[in-house]
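Subject: Structure handover

Hello,

Here is the structure I said I would pass on. My notes on it follow below.

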Amino acid sequence: MCTGNRRGVFLPSTIAHDFGAHFLDSECCATWLMSKIHPDGPHCPGCGVGINDEKRLKALLSDKRIRCPQCGRFFSMLSRSFLSGTHLGCSEIVLLALLLGLDVPIKTVSGLTRQTDETVRTYERKFRMLQIAGRLLQELEGAS
Ligand SMILES: [Zn+2]
């Protein structure tokens, strides 16, 4: 069935083609990422001071770098995390992780996230290594 460009209808293949990280709520994605990367709240990767003021928290959630109020170091939410150095925004990271978590094929993930296959494979490896590390830690804790 071809809908052509008929007005008022669409096919699932249309959203499959058009969907991307821009469909996701960026604030929701940033808040979720923050809760996973910094479960005890964000802190300076240099001196360890907790970041509690609203202005800096808002900047971190907006994917911006902030200056530590104690040591002056600049950092972002992802600094010194396993996602440090990423060029992806929070919504893109969440979408990529979701698709990998659903075992969606690499080609589809790269299409939906508008990243190269190699970039997707790099993140897939990172997540796989985290999974392996988590299992090893569980085994070590179980052995002691
Ligand atoms: Zn600091």
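How many helices and how many strands does the chain have? The chain has six helices and two strands, where helices (H or I, at least four residues) and strands (E, at least two) are DSSP runs, numbered from the N terminus. Their order from the N terminus is α-α-α-β-β-α-α-α.

Two remarks on the source. This is a predicted model, in which local features need pLDDT of at least 70 and side-chain atom pairs count only at pLDDT 80 or more, while totals for chains, interfaces and linings use all residues. Residues are numbered from 1 along each chain as its sequence is written.

Overall form

The C-alpha trace of the chain spans about 60 × 45 × 25 Å along its principal axes. The radius of gyration of the chain is 19 Å, whereas a compact globule of 144 residues would have one near 15 Å; the radius is taken over C-alpha atoms, and the globule rule is 2.2 Å times the number of residues to the power 0.38. Of the 144 residues, 18% count as buried (20 or more other C-beta atoms within 10 Å of a residue's own, with C-beta atoms placed from the backbone).

Helix H4

H4 (residues 90-101) is mostly covered, with nine of its 12 residues buried. Those buried are Cys 90, Ser 91, Glu 92, Ile 93, Val 94, Leu 95, Leu 96, Ala 97 and Leu 99. Their cover includes H2, helix H5 (106-113) and H6. After H4 comes Asp 103, with a positive phi near 60°.

H4 against H2

The axes of H2 (residues 26-37) and H4 come within 8 Å and cross at roughly 70°; axes are lines fitted to C-alpha atoms, for helices over the stretch in contact, and angles run from 0 to 180 degrees between N-to-C directions. The two helices are therefore roughly perpendicular to each other (65 to 115 degrees). Within this contact, the residues divide into seven nonpolar, two polar and no charged. On the H2 side they are Ser 26, Cys 29, Ala 30, Trp 32 and Leu 33, which meet Cys 90, Ser 91, Ile 93 and Val 94 of H4 (contact: C-beta atoms, placed from the backbone, within 7 Å).

Helix H6

H6 (residues 117-143) reaches 39 Å from its first C-alpha to its last, close to the 39 Å expected at 1.5 Å a residue. H6 is hardly covered: two of its 27 residues are buried.

Regards

How values were computed: Parallel < 35°, antiparallel > 145°, perpendicular 65-115°, else oblique. Contact = placed C-beta atoms within 7 Å. Nonpolar A, V, L, I, M, F, W, Y, C, P; charged D, E, K, R; others polar. Expected span 1.5 Å × (residues − 1).
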